[in-house]
Amino acid sequence: MKTMKSVCIYSYGDPSVLKYQDAPQPHPREGEVLVRVHAAGINPVDWKIREGHLKEMLHHTFPLVLGWDVSGVVEALGSGVSRLKLGDEVFSRPDISRDGAYAEFIVIKESEVALKPTTIDHIHAAALPLAGLTAWQTLFDAGGLVTGQRVLIHAGAGGVGHLAVQLAKWKGAEVITTASAHNHDFLRKLGADQIVDYKTVRFEEAVKPVDIVLDTMGGDIQERSWKVLKPGGILISIVSPPPSEIAAKHGVRQAFVFIQPNAAQLAEIAKLVDTEKLKAIVETVLPLSDATRAQELSERGHTRGKIVLRVI
Ligand SMILES: NC(=O)c1ccc[n+]([C@@H]2O[C@H](COP(=O)([O-])OP(=O)(O)OC[C@H]3O[C@@H](n4cnc5c(N)ncnc54)[C@H](OP(=O)(O)O)[C@@H]3O)[C@@H](O)[C@H]2O)c1
């Protein structure tokens, strides 16, 4: 039996439940590909799942390999795979109900895999799928963002935020975002038009009405966001469903988005990267064996851009 290095959990809990160990290499079945992982992106959902927050929704079994952002090379093909071939350099946000990418190999459905951007390395490609698809599916699918609209993106310096700022700019929107002062230059360079220092200013007092709010924080920030929407505008959350009765009271719409794998959208994202319209910023790179440290850093909630595990 071939083995591989991986980072698994055998129970829910704090970072100490993460185990760096040898595990059996998975095999691709019909419609699936085996990908040799070069890099795996870290996302808050990784430690939320580790802590058991999504257990009612996802029904994972143990041992579970965490991590659902990957860039690597196609190493083997299951039967019926026709679009991809051996040696293709690919990236993916695979199905979150299955084993993830904190490992030397992962099996992914072909339908969830796209060719990675050719102009960036695997480390940067692994930073893109989950956060990039989230930004795409919130702004464009749920929000229907069009040129000339105004959008407020909370936490613009984070994994989702820094890609959402660039995608909204590319679409021709006026982009307003929130961040602490040390991230303002960073966000200006990514194209933000107005940046509110959430530590010293209440955003609802500084932001003129917007068409779309992208809520990446929930709680009090979501509650205060109703006030900045134009009539008929939309509050889109990726953290907790905004109550529809409150939306109705404000004369606006609401949506909750839980990102879905989408190879066609990943291919669009790759095209934007290769034409220099979108870039992934990677703040920290750590080896696979340091997944615990990577999750601890992510959990602090102040990552600029992304944290990525180097596997090769
Ligand atoms: N529903 C879905 O499908 C989906 C998909 C992706 C992510 N999510 C969720 O969305 C949330 C954000 O994800 P992420 O990957 O972007 O997180 P992240 O990268 O960890 O976000 C970190 C950023 O948040 C900023 N921040 C912290 N507190 C803030 C505040 N009060 N106001 C404004 N900015 C603040 C920090 O900037 P400063 O250092 O300047 O404070 C930092 O840059 C997470 O809860 C994640 O689980 C959901």
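Is Glu276 buried or exposed? In this predicted model, Glu276 turns out to be exposed, with a relative accessible area of 75%. The residue belongs to the loop between α10 and β15 (282–287), and its phi is positive, about 60°, even though it is not a glycine. Most residues other than glycine have a negative phi, and most peptide bonds are trans.

A second residue of this kind is His59, with phi near 50°, again a positive value in a residue other than glycine. His59 is part of the loop between α2 and β4, and it counts as exposed because its relative accessibility is 62%, where the cut-off for exposed is over 50%. That loop, which runs between α2 (55–58) and β4 (64–65), also holds Pro63. The peptide bond joining Phe62 to Pro63 is cis, with omega at about -5°.

Now for the ligand. It sits in the largest pocket, with 25 residues around it. Lys48, Ser180, Tyr198, Ile259 and Thr303 are the ones that come nearest. By residue type, the shell splits into 13 nonpolar, 11 polar and one charged. Several elements each put at least two residues into this shell: α1 (44–50), α4 (129–142), α5 (159–170) and β10 (174–179).

The side chain of Lys48 has an N or O atom 2.7 Å from an oxygen atom of the ligand. For the side chain of Ser180, the corresponding distance to a ligand oxygen atom is 2.5 Å. Ile238 takes part through its backbone, where an N or O atom lies 2.9 Å from a nitrogen atom of the ligand. On its own the ligand would expose 940 Å², and the protein buries 89% of that area.

Ile259, one of the residues that come nearest to the ligand, is found in the loop between β14 (253–256) and α10 (263–274). Its relative accessibility is 10%, so Ile259 counts as buried, the limit being under 20%. Ile259 and Thr138 are 121 residues apart in sequence, yet their C-alpha atoms are 8.4 Å apart in space.

Glu204 counts as buried because its relative accessibility is 14%. What does its side chain contact? One partner is the side chain of Arg202, through a polar contact of 3.0 Å. Another is the side chain of Arg224, joined to Glu204 by a polar contact of 2.8 Å.

Methods:
Residues numbered from 1 in each chain as written. Predicted model: local features only at pLDDT ≥ 70, side-chain atom pairs only at ≥ 80, totals over all residues. Heavy atoms only, no water. Near = heavy atom within 4 Å. Polar contact = N/O pair within 3.5 Å; in protein donor to acceptor, adjacent residues only side chain to side chain. Areas by Shrake-Rupley, 256 points an atom, 1.4 Å probe, with all protein chains shown as cover. 1 Å grid on protein atoms, 1.4 Å probe; cavity = no way out; pocket = protein on both sides within 12 Å on 5 of 7 lines; lining within 4 Å. Sits in = over half its atoms within 2 Å of the grid points. Helix = DSSP H or I, 4+ residues; strand = E, 2+ residues; numbered from the N terminus. Nonpolar A, V, L, I, M, F, W, Y, C, P; charged D, E, K, R; others polar. Buried < 20%, exposed > 50% of the residue type's maximum accessible area, 1.4 Å probe, protein only.
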